[in-house]
Amino acid sequence: MKLLEGKTAIVTGAARGIGEAIALKFAAHGANIAFTYVSDSSRDKATALEAKLVSLGVKAKAYQSNAADFSACETFVNDVLKEFGTLDICVNNAGISKDNLLLRMTPEQWDEVMQVNLKSVFNMTKQVIRPMMKAKAGSIINMSSVIGEMGNAGQSSYAASKAGIIGFTKSIAKELGSRNIRSNAIAPGFVETDMTSYLKDGEGAEKYKADIPLGRFASGEDIANVALFLASDLGNYVTGQVISACGGLNI
Ligand code: NAI
């Protein structure tokens, strides 16, 4: 059974990693997909993903757009509405990490992480709630992290941005629940993507896995399945929640 037939979903930062897995999962469930990538170097990957999504029988389009830039988000969402007509789901997935101990962290590093990880969620949510309010329906899914709940040495900016996303997510759920707009966060643990490629092999990987009750890192698809639940009618009575998809790392 397809769970998102005829819906339109935005996914930011979807040229690779978790975003790509979500775009593919949603398309396999019948959703039309508008997704973003930010850098010229991601264009080929984005074009390839667009073709792959279309081959699944849905409408799909890649947009080069910086989620950290407010007016770029406004232009992007207006373009999506022109092209797709409706907007049902928004996955705020784009994110970066600039890990450093606080002693060495520069204000520029701090600001960049906040702009890309946290302000992007404000930028996009501001835009997508207009059409969602009109439609009296919508699902907003924000990519937080287990690190936002637990903290981690060397990741104070990342952790603060991801914790900020949780506060934002819950507030929007309270503001817009009466309009049937749901707002939830996913808090993944370690997911095998480019962002965590430094963990892939060797002693470090084994040490991290030893702390995870399920004993393995997540795949992008593990996270995409949670996003599918939140995006679809299966999650109709779920809002303001943080779903931890971390293999039990936080218990
Ligand atoms: P990734 O680095 O593979 O992918 C991130 C994507 O976001 C890239 O395609 C990148 O180009 C895009 N992006 C970066 N800045 C952008 C901007 N300003 N505008 C638009 N797109 C931008 O990382 P991954 O692992 O797929 O992460 C996706 C999300 O999941 C991020 O928010 C990350 O913080 C979060 N996450 C990842 C975990 C992991 O273990 N990989 C764990 C917990 C959360």
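T193 touches G17 and I18, leaving aside residues up to four places away in sequence; contact here means heavy atoms within 4.5 Å. T193 sits in the loop between β6 and α7 (202–210), and this residue is buried, with a relative accessible area of 17%. For burial, the cut-offs are under 20% relative accessible area for buried, over 50% for exposed, and partly exposed in between (1.4 Å probe, protein chains only). Helices (H or I, at least four residues) and strands (E, at least two) are DSSP runs, numbered from the N terminus.

A word on the model itself. It is a predicted one, where local features need pLDDT of at least 70 and side-chain atom pairs count only at pLDDT 80 or more, while totals for chains, interfaces and linings use all residues. Residues are numbered from 1 along each chain as its sequence is written, and side-chain values use heavy atoms, with hydrogens and water left out.

**The cores.** The largest nonpolar core has 37 residues, and I22, F26, I33, F35 and I186 have the most contacts inside it. A nonpolar core, for the record, is a set of buried Ala, Val, Leu, Ile, Met, Phe, Trp, Tyr and Cys residues joined through side-chain atoms within 4.5 Å. Elements giving two or more residues to this core include β1 (8–11), α1 (17–28), β2 (32–37) and α8 (220–231). The largest share, seven residues, comes from α8. Apart from this core lies another one of 18 residues, among them C73, V77, I140 and L176. As for I186, its contacts include I141, M143, I223, V226, L230 and I243, not counting residues up to four places away in sequence.

**α3 against α4.** How do these two helices sit together? The axes of α3 (residues 70–84) and α4 (residues 107–135) come within 9 Å and cross at roughly 35°. Axes are lines fitted to C-alpha atoms, for helices over the stretch in contact, and angles run from 0 to 180 degrees between N-to-C directions. On the α3 side, the residues in contact include F70, C73, F76, V77 and L81, and they meet α4 residues including F122, M124, V128 and P131. By class, this contact has nine nonpolar, three polar and four charged residues.

**Cysteines.** C73 is buried, with a relative accessible area of 1%, and so is C246, at 7%. The C73 sulfur is 8.9 Å from the closest cysteine sulfur, in C90, so the two are too far apart for a bond. With a disulfide taken as a pair of cysteine sulfur atoms within 2.5 Å, the count comes to zero.

Most residues other than glycine have a negative phi. Two residues that go the other way are set out here.

**F168.** Finally, which residues does F168 touch, not counting residues up to four places away in sequence? They are V121, F122, T125 and N142. F168 lies in helix α6 and is partly exposed, with a relative accessible area of 21%. The C-alpha atoms of F168 and N184 are separated by 9.6 Å, with the two residues 16 apart along the chain.

Methods: Ala, Val, Leu, Ile, Met, Phe, Trp, Tyr, Cys and Pro count as nonpolar, Asp, Glu, Lys and Arg as charged, and the others, Gly among them, as polar.
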